[in-house]
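Visitor: I have a new structure to look at. Could you show me how to read its features, one at a time?

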Amino acid sequence: MSKYESYIESNKDQMLEELIDLLKIPSISADPAYKGDVEKTAQVVANHLISAGADNVTVEETPGYPVVYGEKMVSPDAPTVLVYGHYDVQPPDPIELWDSPPFEPVIKKTDLHPEGAIFARGACDDKGQFFMHVKAFESMMQNGGSPVNVKFMIEGEEEVGSANLGWYVARNREKLACDVILISDTGMIGPDTPSITTGLRGLSYVEVKVTGPNRDLHSGLYGGAVANPINILSKMIGSLHDENNHITVEGFYDKVQDVSDEERAGMAKAPFSEEAYKKALDLSDTWGEKGYSTIERASIRPTLDVNGIWGGYTGEGAKTVIASWAKAKISMRLVPDQDPNEITDIFLKHFTKIAPSSVKVEVTPHHGGEPYVTGIDHPGYRAAATAMKASFGKDAIPMRSGGSIPILSLFERELGAKSILMGFGLDSDAIHSPNEHYGVRNYFMGIKTIPLWFEAYAEEMKG
Ligand code: BES
Ligand code: MN
Ligand code: MN
């Protein structure tokens, strides 16, 4: 038992209550209607950092939502850890699919969380996870202090592409100077199978519009004689994968790094049940690129997916119409060394090229992000392996994840520090979906493991 553990044990109820209160504030960064709530959340986070024992806590204005900063400098000679997280959350839609209101947290048991999970938007992504760091920090402060310098940077715009964090980091490079960045905003393989994330996918996101006639037309009078933009868009989208579910955009795979047979063999050893995976999603079969396993398809291979598609008449009953236009939002998840700007460019060229002359095509790029990898030979990774082993009693498996945290490459460029992704969520926690939840046990495992990481990291840095 670590010296922090009894403190955590005796403050359990309060640590849970505080998270529940934090989850009640709807800090939805995407929807301007919640501006006041997002700003209030920043203030609440700042107050928690102050009570936990941080110095120089400030709610720092940016052109967008504020960044919450706080620090504990123990010695100019000690290494410095920057803890990053986000206090903003995804919109809860579709709200009617929640079993309980998204901002009224409740604890319920599930198969994977027999000790209960907190159901609320942001429970896992990322309020529950960044708050573990605040509570772990408090536990260290109450039990002899931190072995290294700690800085916190908790932002409010991650779910909308960290639009202003680059602005903030560029202006605060001295203040944010650090040796490593520690983040809990990812997952692990299973409740008793610890893993550490070694890579994240990048992202290119575009909106496409196909325009046919200059107005909606009677589908009897004009049908068959003019291009129907919805038919055409569907066909164009359909052609973006071939019969092996390989993406057909010319040049798309040119820079994709092949993963070594050794790493693939390692991934194949991770406990994973295709049957359980299908069952949980109510699927009779999985789908994906030929030649790759489900885990590989969702981590080391790039993708192209339509995220939304609309146009024409979608109201009650039948309206006979050929719509003037059709639109779709398309995301491409990228792997090392694909470049998001390059991919957006070649997508634009390809999509324009495959359009028949009977329609006009527009492609509008949205935010993107570079893929990210951390080596397992980094002292921060080794510290994570030591800490996870100590708290779970098992070796953590290095795993790449399919999700994205686009700002990490900017951190590396601006601050010269690697990010260590020690997350405690499960893929089944339904982040971004209705009924998002976070295991109570995962929350406390995180709070107990983080101080062990700080100790292990201090040891690693002593050489
Ligand atoms: N925390 C997630 C990313 C994540 C989750 C990575 C689980 C690995 C495992 C983050 O908040 C997120 O949702 N990122 C977005 C990208 C962003 C530009 C909106 C994503 O991956 O879609
Ligand atoms: Mn997140
Ligand atoms: Mn998210």
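This is a predicted model: local features need pLDDT of at least 70, side-chain atom pairs count only at pLDDT 80 or more; totals for chains, interfaces and linings use all residues.

Guide: Start with the manganese ion (ligand 3): its six donor atoms make angles of 56 to 154°, and the site is irregular.

Visitor: What are the ideal angles at a metal?

Guide: For four tetrahedral donors the ideal is 109.5 degrees, and for six octahedral ones it is 90 or 180 degrees. Six donors count as octahedral if opposite donors are over 155 degrees apart and all others between 65 and 115. The manganese ion (ligand 3) has angles of 56 to 154°, and its site is irregular.

Visitor: Which residues coordinate the manganese ion (ligand 3)?

Guide: Asp 125 (OD), Glu 159 (OE), Glu 159 (OE) and His 432 (NE2) do, at 2.1 to 2.5 Å. Along the sequence these donor residues follow the spacing D-x33-E-x272-H. Distant parts of the chain are linked here: Asp 125 sits in the loop between β5 and α4, and His 432 in the loop between β17 (418-421) and β18 (437-439), 307 residues apart.

Visitor: Is Asp 125 buried or exposed? And what about His 432?

Guide: Buried means under 20% relative accessible area. Asp 125 has 7%, so Asp 125 is buried. His 432 has 39%, so His 432 is partly exposed.

Visitor: How far apart are the manganese ion (ligand 3) and the manganese ion (ligand 2)?

Guide: They are 3.6 Å apart, and Asp 125 coordinates both.

Visitor: Which residues coordinate the manganese ion (ligand 2)?

Guide: His 86 (NE2), Asp 125 (OD), Asp 185 (OD) and Asp 185 (OD), at 2.0 to 2.4 Å. This site is irregular, with angles of 56 to 166° among its six donor atoms. The donor spacing along the chain is H-x38-D-x59-D. His 86 is in strand β3 (residues 80-86) and Asp 125 in the loop between β5 (117-119) and α4 (127-141), so the pair links distant parts of the chain, 39 residues apart. His 86 and Asp 125 are both buried.

Visitor: Now the aromatic rings. How is a pair described?

Guide: By the distance of the centres and the angle of the planes. Within the pairing rule, this model has nine aromatic pairs. Take Tyr 84 and Phe 411: their ring centres are 5.1 Å apart and their planes lie at 75°, so the pair is edge-to-face. Tyr 84 lies in strand β3 and Phe 411 in helix α12 (residues 408-415), so this pair ties together parts that are 327 residues apart in sequence. Tyr 84 and Phe 411 are buried.

Visitor: Which kind of pair do Trp 453 and Tyr 457 make?

Guide: Their centres are 4.9 Å apart and their planes at 5°, so they are stacked. Both residues lie in helix α13 (residues 440-462), four residues apart, about one turn of the helix. Trp 453 is buried, at 0% relative accessibility. Tyr 457 is also buried, with a relative accessible area of 0%. Trp 453, Phe 454 and Tyr 457 form one aromatic cluster.

Visitor: And the surface? Which residues make a nonpolar patch?

Guide: Phe 272, Tyr 277, Leu 281 and Leu 283 make a nonpolar surface patch of about 350 Å². Tyr 277 lies in helix α8 (residues 274-281). Its relative accessible area is 33%, so Tyr 277 is partly exposed.

How values were computed:
Residues are numbered from 1 along each chain as its sequence is written. Chains are lettered from A and ligands numbered from 1 in the order in which they are written. Side-chain values use heavy atoms; hydrogens and water are left out. Donors are N, O and S atoms within 2.8 Å of the metal (3.2 Å for Na, K and Ca); water is not among the atoms, so sites may look incomplete. Four donors count as tetrahedral if all angles lie between 85 and 135 degrees; four count as square planar and six as octahedral if opposite donors are over 155 degrees apart and all others between 65 and 115; anything else is irregular. Helices (H or I, at least four residues) and strands (E, at least two) are DSSP runs, numbered from the N terminus. Buried means under 20% relative accessible area, exposed over 50%, partly exposed in between (1.4 Å probe, protein chains only). Patches are made of residues with over 30% relative accessible area and no salt bridge: like charges are joined within 9 Å, nonpolar side chains (Val, Leu, Ile, Met, Phe, Trp, Tyr) within 5 Å. Accessible areas come from the Shrake-Rupley method with a 1.4 Å probe; for residues, only the protein chains shown count as cover. A salt bridge is a side-chain nitrogen of Lys or Arg within 4 Å of a carboxyl oxygen of Asp or Glu. Rings of Phe, Tyr and Trp (its six-membered ring) pair if their centres lie within 6.5 Å; planes under 30 degrees apart count as stacked, over 60 as edge-to-face and the rest as tilted.
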